[in-house]
Amino acid sequence: MSEAIKRHTTETFGYRGNYGLELILDLKGCDLSNLSKERLTQFLIELCDRVRMNRHGDPLYWEDWSGVPHLHGISAVQFIETSNIVCHALPLLKAVYLNLFTCKEFDTEDARSFCKSYWGATSDTHTVITRA
């Protein structure tokens, strides 16, 4: 591949010339005592501001009251200019599961730290994937 093509690819595509970057984050020990659509909306607004992503519209929600207790909670999808954020908050498990996928570079550690702090998580596991 010529240098011009390599440079064009690096400058044209998202994260370091690849398609994008995805943060997969599992938060445990979260304080979900006041979980609501409003609190989840505020979280998504603040997260987007933090990672400098432009939101497209309001989040879409799914509330689960299926009768399966550990599934009860609120899930949201927030479309962003560069892809999406999906968040599942499950009070019985005191857990928040999040995927932030974008072709725009962002500080994954800062995003992880913010999410952990916002939900009062006592622990987390996370993976960062470069999408090729």
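## Buried rings

Buried means under 20% relative accessible area, exposed means over 50%, and partly exposed lies in between (1.4 Å probe, protein chains only). Both Phe114 and Tyr118 are buried.

This is a predicted model: local features need pLDDT of at least 70, side-chain atom pairs count only at pLDDT 80 or more, and totals for chains, interfaces and linings use all residues. Residues are numbered from 1 along each chain as its sequence is written, and side-chain values use heavy atoms, with hydrogens and water left out.

## Aromatic pairs

Rings of Phe, Tyr and Trp (its six-membered ring) pair if their centres lie within 6.5 Å; planes under 30 degrees apart count as stacked, over 60 as edge-to-face and the rest as tilted. Searching the whole structure gives five aromatic pairs. One of them joins Phe43 and Trp119. Their ring centres are 5.2 Å apart and their planes meet at 55°, so this pair is tilted.

Phe43 and Trp119 link distant parts of the chain, 76 residues apart. Phe43 is in helix 2 (residues 37-50), and Trp119 is in helix 3 (residues 108-119). Helices here are DSSP runs (H or I, at least four residues), as are strands (E, at least two), numbered from the N terminus. Phe43 has 1% relative accessibility, so it counts as buried. Trp119 has 0%, so it counts as buried.

Phe114 and Tyr118 form a tilted pair: 5.8 Å centre to centre, with 45° between the planes. Both lie in helix 3, four residues apart, about one turn of the helix.

## The cluster

Which residues form one aromatic cluster? They are Phe43, Phe114, Tyr118 and Trp119.
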